[in-house]
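This report describes the disulfides, strands, aromatic pairs and nonpolar cores of one structure.

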Amino acid sequence: MMFKGYNMLNLYCTIVLLFFFCNHSISALSCYECSSTFPASSICLPACSQTFRVGSTCLLTRNISLDPSDFGSLRAGHIGNESIISNAAEKHFVFGEEAVYQNPSQAVGWDWEYGPITYGCDTNGCNNPENVNRLPNALNIRIPNATLNRLLTGELDNSCYLCNTCLDTDVTGTDMSACSVTPCPNHACNFVATRNSTTSLGQCSSGWHFTSGCILSREPAQVDMTLIYYIRSKTSFLYQMAAVCLNDNCNNFTTFKQLKDAVTVDPDLTCLLDNTSSSTTSTSILPTITSSRTSSSTVTQISTTTSSSSTEQIFINIKLFIFIVFFFLYN
């Protein structure tokens, strides 16, 4: 009798564990996985499958080439394949890289350019490649022209700072004694500041890894930024900033801090957010987009297929549950 009671207790515990296991499996996120390349801006949709992964975030990345003779790319998958944003604080975001360059023409002033854009989301199938043209053209990162002119332009007659050090998150220090000065007449100074992470080159305990030096050529003044914008909280997080400046010792901590603090982000998410309330299984071809840097993109649909679904996953869990219950009942 005691042995039978022990078996019943064992069965009860097993059922409880299976209940939590099944719920855990059902909570796995289904994301599209595929990639394609295409000439310039003629977007070609690849054949895709859907896979489940627990605790994941779905990603959809579009990269349209600026050069008509070059190739663009489209990629969908799970966030674990992208180390730079694998530790994102939220699961609904837009991630991208943008840059501003001083145009040789004073009448033009500063030119803004953008690179690949990545959309992160956390509902099943939300990274459907058919929604690629709903992604914003850019994050619309901006730094005021007056700030760019004051910090980056001038005449480099003498030297630049040569640094390889760590800075705190808010860049509170201005002491450059940890850096040396290197001759750089008639060339350009630069710096690169990267958030500390497991993938960064500098092993800083927190904050930024800051490097700087002299570029042995006369490059235009510029700033290149990699940034993530969290859609739900409407906040942004700067991952990296690289700058070229044209004044003596302009690549200092103060320049970096003032540029960083002047950054604003205002992405146009109208099309993207309108899509969140509609079905992610739509097969319609979406309108194309245009930008100031690229010609209109066209979309060619190949196919999208699914290899599994949440219903199938639930059915598998139920079969496993019933099998183990009967195993304990008759053994």
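This is a predicted model: local features need pLDDT of at least 70, side-chain atom pairs count only at pLDDT 80 or more; totals for chains, interfaces and linings use all residues.

## Disulfides

Cys204 is buried, with a relative accessible area of 4%, where buried means under 20% relative accessible area, exposed over 50% and partly exposed in between, computed with a 1.4 Å probe on protein chains only. A disulfide joins Cys204 to Cys166, with an S to S distance of 2.0 Å; the term is applied here to a pair of cysteine sulfur atoms within 2.5 Å. The torsion about the S-S bond of Cys166 and Cys204 is about -85°, so this disulfide is left-handed. The pair links distant parts of the chain, 38 residues apart, with Cys166 in strand 9 (residues 159–167) and Cys204 in the loop between strand 11 and strand 12. Helices (H or I, at least four residues) and strands (E, at least two) are DSSP runs, numbered from the N terminus.

Residues are numbered from 1 along each chain as its sequence is written, and side-chain values use heavy atoms, with hydrogens and water left out.

By the sulfur distance rule, the count comes to eight disulfides. One of them joins Cys184 to Cys214, with 1.9 Å from S to S, and the torsion about its S-S bond is about 70°, so this disulfide is right-handed. Cys184 lies in the loop between strand 10 (180–183) and strand 11 and Cys214 in strand 12, so the pair ties together parts that are 30 residues apart in sequence. Cys184 counts as buried at 0% relative accessibility, while Cys214, at 23%, counts as partly exposed. Another disulfide is formed by Cys34 and Cys48, whose sulfur atoms are 2.0 Å apart, and with 60° about the S-S bond this link is right-handed. Cys34 lies in strand 1 (residues 29–39) and Cys48 in the loop between strand 2 (42–45) and strand 3 (49–53), so the pair ties together parts that are 14 residues apart in sequence. Cys34 counts as buried at 11% relative accessibility, as does Cys48 at 3%.

## Strand 11 and its partners

Strand 11 (residues 188–195) is mostly covered, with seven of its eight residues buried. Strand 11 pairs with strand 12 (residues 208–215) in the antiparallel sense over eight bridges, where pairing requires that DSSP finds at least two bridges between two strands. Six bridges also join strand 11 to strand 14 (residues 235–245), and these two strands likewise run antiparallel. Val192 has a bridge partner in each of these strands: Thr211 in strand 12 and Ala242 in strand 14.

## Aromatic pairs

A search of the whole structure finds seven aromatic pairs. Rings of Phe, Tyr and Trp (its six-membered ring) pair if their centres lie within 6.5 Å, and planes under 30 degrees apart count as stacked, over 60 as edge-to-face and the rest as tilted. The rings of Phe95 and Tyr239 have their centres 5.7 Å apart and their planes at 80°, so this pair is edge-to-face. The pair links distant parts of the chain, with Phe95 in strand 6 (residues 93–102) and Tyr239 in strand 14, 144 residues apart. Phe95 counts as buried at 10% relative accessibility, and Tyr239 counts as buried at 9%.

Trp208 and Phe256 form an edge-to-face pair, 5.1 Å centre to centre and with 80° between the planes. Trp208 lies in strand 12 and Phe256 in helix 3 (residues 253–262), so the pair ties together parts that are 48 residues apart in sequence, and both residues are buried. Ring pairs link Phe191, Trp208, Phe210, Phe253 and Phe256 into a cluster.

## Nonpolar cores

The largest nonpolar core has 66 residues, and those with the most contacts inside it include Met241 and Phe256. Such a core is a set of buried Ala, Val, Leu, Ile, Met, Phe, Trp, Tyr and Cys residues joined through side-chain atoms within 4.5 Å.

Leaving aside its neighbours within four places in sequence, Met241 is in contact (heavy atoms within 4.5 Å) with residues including Phe191, Val192, Phe256 and Leu259.
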